[in-house]
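Some terms in a structure description are labels with a cut-off behind them. The questions below ask how such labels are reached.

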Amino acid sequence: ITTALGTFPAPHLPENACASVCIRPQHVRVVQRTAGIHAHVVRTAFLGEVDHIVLAVDGCERPVNVRAFGRTSLEPADSVFLEVDTDNVLILPSDVQ
């Protein structure tokens, strides 16, 4: 399944099947390199042990939420790159065509 956040294997689905790709905020990371999934910071909120980061990613209909452990120095409009923990992506069949 190919999405704006990457391509994920879905061997349990027939070819060209519709699916929903589910990724928890703690399984997306902001990385210190200039390659990967490009995003812009919309807003951040310090929530104690984590920062909640809302990002705009080209090709995503909705904002992407990231839970970063520890304090980040990100500000709205910052340009960042993301990495998805592919071992924790859940792909569900969808009836929507």
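A strand here is a DSSP run of E, at least two residues in length, and strands are numbered from the N terminus. The model is predicted.

Q: In which strand is Ile 37 found?
A: Ile 37 belongs to strand β5, which covers residues 37–46.

Q: Why is Ile 37 called buried?
A: Buried means under 20% relative accessible area. Ile 37 has 15% relative accessibility, so Ile 37 counts as buried.

Q: Which residues does Ile 37 touch, leaving out those up to four places away in sequence?
A: Contact means heavy atoms within 4.5 Å. By that rule Ile 37 touches Ala 4, Leu 5, Val 57, Val 80, Phe 81, Leu 82 and Val 84.

Q: How far apart are Ile 37 and Glu 83 in sequence and in space?
A: In sequence they are 46 residues apart, while their C-alpha atoms lie 6.7 Å from each other.

Q: How many disulfides does a search of the whole structure find?
A: The search finds 0 disulfides. For Cys 18, the nearest cysteine sulfur is that of Cys 22, 14 Å away. A disulfide needs two cysteine sulfur atoms within 2.5 Å, so Cys 18 is in no disulfide.

Q: What makes the sulfur of Cys 22 too far from the closest cysteine sulfur for a bond?
A: The closest cysteine sulfur to that of Cys 22 is in Cys 60, at 13 Å. The cut-off is 2.5 Å, so the distance is too far for a bond.

Q: Why are Cys 18 and Cys 22 called partly exposed?
A: Partly exposed is the class between buried, under 20%, and exposed, over 50%. Cys 18 has 24% relative accessibility and Cys 22 has 31%, so each counts as partly exposed.

Q: What is the volume of the largest pocket, and which residues are closest to its centre?
A: The volume of the largest pocket is about 670 Å³. Of its 21 lining residues, Thr 3, Leu 5, Val 21, Cys 60 and Glu 61 are the closest to the centre. Two or more lining residues come from each of β1 (2–3), β3 (19–22) and β7 (64–69). The largest share, 4 residues, comes from β3.

Q: How does the lining of the largest pocket divide by class?
A: It has 13 nonpolar, 5 polar and 3 charged residues.

Q: How much space lies in the second largest pocket?
A: The second largest pocket holds about 200 Å³. It is lined by 14 residues, and Val 30, Val 31, Gln 32, Thr 72 and Leu 74 are the closest to its centre.

Terms used
Residues numbered from 1 in each chain as written. Predicted model: local features only at pLDDT ≥ 70, side-chain atom pairs only at ≥ 80, totals over all residues. Heavy atoms only, no water. 1 Å grid on protein atoms, 1.4 Å probe; cavity = no way out; pocket = protein on both sides within 12 Å on 5 of 7 lines; lining within 4 Å. Points joined across faces, edges and corners; volume = space filled by probe spheres on them. Nonpolar A, V, L, I, M, F, W, Y, C, P; charged D, E, K, R; others polar. Buried < 20%, exposed > 50% of the residue type's maximum accessible area, 1.4 Å probe, protein only.
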